[in-house]
Amino acid sequence: PRMLTGLASDIATPAATLNATVRDFGSAGQVWFLWRTSSTALNSSTDKVALPAMSGAQSVSAPLTGLADGTTYYFQPVASTVGGTSYGAIQSFTTN
């Protein structure tokens, strides 16, 4: 699979929505987001979402809650199938 990282949306303390697109998901697998306040320590994870095998593209999103005001967060989408694991680019957003 290939991951294309989208922008975070609905950003307001204490929540945001993480967005990405997965392409070429040739076999069933899972998609989730890694996130944290450091781009080098993305050690928190959203729930994993199961996706069936598909061709083309599928949008995925995950909500985050409990975020601190005026803080920059980093996130990266991940897709995993029997064929391997794919990571999207790291993006950031700042709560207001």
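Let me start with a term: a residue is buried when its relative accessible area is under 20%, exposed when over 50%, and partly exposed in between, using a 1.4 Å probe and protein chains only. Strands, the other term I need, are DSSP runs of E with at least two residues, numbered from the N terminus.

Now the ground rules. This is a predicted model, where local features need pLDDT of at least 70, side-chain atom pairs count only at pLDDT 80 or more, and totals for chains, interfaces and linings use all residues. Residues are numbered from 1 along each chain as its sequence is written, and side-chain values use heavy atoms, with hydrogens and water left out.

Let's begin with strand S8. It covers residues 72-81. Of its 10 residues, 7 are buried, so S8 is mostly covered.

What does S8 pair with? Two strands pair if DSSP finds at least two bridges between them. S4, residues 29-36, is one partner: the two run antiparallel over 8 bridges. Within that pairing, Gln30 stands opposite Ser80. Further along, Trp32 faces Val78. S10, residues 91-94, also pairs with S8, antiparallel over 4 bridges. There, Tyr73 sits opposite Phe93. Then comes S9, residues 84-87, again antiparallel with S8 over 4 bridges. S8 and S9 make a hairpin, with 2 residues between them.

Thr81 belongs to S8. Its bridge partner in S9 is Gly84. Is Thr81 buried or exposed? Thr81 counts as buried, because its relative accessibility is 13%. The side chain of Thr81 also reaches the backbone nitrogen of Gly83, at 3.1 Å. That is a polar contact: a pair of N or O atoms within 3.5 Å, where, within protein, one must be able to donate a hydrogen and the other to accept it, and residues adjacent in sequence count only if both atoms are side-chain atoms.

Next, S4. S4 is mostly covered too, with 6 of its 8 residues buried. In S6, Leu51 is the bridge partner of Gly29. S4 also joins S5, residues 44-45, by 2 bridges, and these strands run antiparallel. Here Trp35 is partnered by Ser44.

Val31 is buried because its relative accessible area is 3%. Contact means heavy atoms within 4.5 Å. Leaving out residues up to four places away in sequence, Val31 touches several residues, among them Met3, Phe25, Leu51 and Ala79. Val31 and Ser86 are 55 residues apart in sequence, and 9.5 Å apart in space, C-alpha to C-alpha.

How many cavities of 30 Å³ or more does a search of the whole structure find? It finds 1. A cavity here is a set of points, on a 1 Å grid over the protein atoms alone, where a 1.4 Å probe fits but cannot get out; lining residues have an atom within 4 Å of a point. The largest cavity holds about 40 Å³. Its lining includes Val31, Trp32, Asp47 and Ser61. S4 and S7, residues 57-64, each supply at least two lining residues. By class, the lining has 6 nonpolar, 2 polar and 1 charged residues.

Technical notes. 1 Å grid on protein atoms, 1.4 Å probe; cavity = no way out; pocket = protein on both sides within 12 Å on 5 of 7 lines; lining within 4 Å. Points joined across faces, edges and corners; volume = space filled by probe spheres on them. Nonpolar A, V, L, I, M, F, W, Y, C, P; charged D, E, K, R; others polar.
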